[in-house]
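Reader: Hi! Could you walk me through this structure? I'd like to start with the pockets.

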Amino acid sequence: YHLTSRGNEQRPIFRDDRDRHHFCELLAEMVSRFDVVLHAFVLMDNHYHLLLELREANLSRALQCLNVSYSVWFNRRWERCGHLFQGRYQSVIVEAPAWGLGMSRYIHLNPVRTEKLGLGKSEQRQMRTGARGAPEATMVRERLAHLREYRWSSFRAYLGLAKVPDWLECRAVLEL
């Protein structure tokens with residue numbers, strides 16, 4: 001499954017690195033408690049993406065536990081109340097082996113899909129229609145540097161720039 005959850009009114013769900021660390025701790029707990037396989041992830045300011053494989057039919061329970069646990073913790077930490085996430089998580093079934101490379105690429109490139117790096121929504125649309133040419137070499141280097149430095153994604157683990165956490169499974173995608 002490709003899973004996403006966005007902040008209510010597109011507001012941030014992660015305000016600082018402590019929030020992100022805690023979310024990763026909850027991811028580790030979810031993987032262990034619900035016996036799921038996490039192949040890729042990225043935490044953005046106002047949403048997250050997961051590439052998750054189930055071993056049993058427990059997706060709703062696993063994601064509900066993750067989102068509720070994080071929401072309660074976040075609200076207490078920041079002395080706020082109300083919904084953190086914009087409705088229920090989004091899930092899309094993806095079939096192996098096509099899911100591995102395509103979904104991993106989509107998830108891992110999320111940090112550079114910004115207007116600042118020339119990959120905002122309008123730029124992406126122009127590229128798909130052929131209305132925009134190839135990016136300049138300096139922009140490509142800037143995007144690659146940003147991806148290599150972005151700590152809140154499984155990308156660094158895939159590249160060998162960071163230790164692979166016990167709760168992340170990289171082998172299946174790398175074998176593709």
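Author: Happy to. First the term: on a 1 Å grid over the protein atoms alone, a pocket is an open set of points with protein on both sides within 12 Å along at least five of seven lines, a cavity is a set where a 1.4 Å probe fits but cannot get out, and lining residues have an atom within 4 Å of a point. Grid points are joined across faces, edges and corners, and a volume is the space filled by probe spheres set on the points. This is a predicted model, where local features need pLDDT of at least 70 and side-chain atom pairs count only at pLDDT 80 or more, while totals for chains, interfaces and linings use all residues. Residues are numbered from 1 along each chain as its sequence is written, and side-chain values use heavy atoms, with hydrogens and water left out.

Reader: What volume does the second largest pocket have?

Author: About 300 Å³. Its lining has 15 residues, and Phe41, Arg151, Lys163, Pro165 and Trp167 lie nearest the centre. By type, the lining of this pocket divides into nine nonpolar (Ala, Val, Leu, Ile, Met, Phe, Trp, Tyr, Cys and Pro), three charged (Asp, Glu, Lys and Arg) and three polar (the others, Gly among them).

Reader: Which helices each supply at least two residues of that lining?

Author: Helix 1 and helix 6 (155–159). Helices here are DSSP runs of H or I with at least four residues, strands are E runs of at least two, and both are numbered from the N terminus.

Reader: Is Arg151 buried, exposed or partly exposed?

Author: Arg151 counts as partly exposed, because its relative accessibility is 46%; buried means under 20% relative accessible area, exposed over 50%, and partly exposed in between, with a 1.4 Å probe and protein chains only. Arg151 lies in the loop between helix 5 (137–149) and helix 6.

Reader: And what does Arg151 touch?

Author: Leaving out residues up to four places away in sequence, Arg151 touches Asp17, His21 and Arg156, where contact means heavy atoms within 4.5 Å. Asp17 is 134 residues from Arg151 in sequence, yet their C-alpha atoms are 9.6 Å apart in space.

Reader: Switching to cavities: how many of 30 Å³ or more turn up?

Author: One, in a search of the whole structure. The largest cavity has a volume of about 30 Å³, and its lining is Leu26, Glu29, Met30, Phe34, Cys65, Leu66 and Ser69. Helix 1 gives the largest share of that lining, four residues.

Reader: Now the sheet. What is the strand order?

Author: It is an open sheet of four strands in the order 2-3-1-4, with antiparallel pairing; two strands pair if DSSP finds at least two bridges between them. Strand 2 (37–43) and strand 4 (90–92) are at the edges with a single partner strand each, so one side of each has no neighbour in the sheet.

Reader: How many bridges join strand 1 to strand 4?

Author: Three, between strand 1 (residues 2–6) and strand 4. Leu3 stands opposite Ser91 in strand 4.

Reader: Which strands does helix 3 touch?

Author: Helix 3 (residues 98–108) packs on the sheet and touches strand 1, strand 2 and strand 3, with its direction at about 160° to that of strand 3. Axes are lines fitted to C-alpha atoms, for helices over the stretch in contact, and angles run from 0 to 180 degrees between N-to-C directions.
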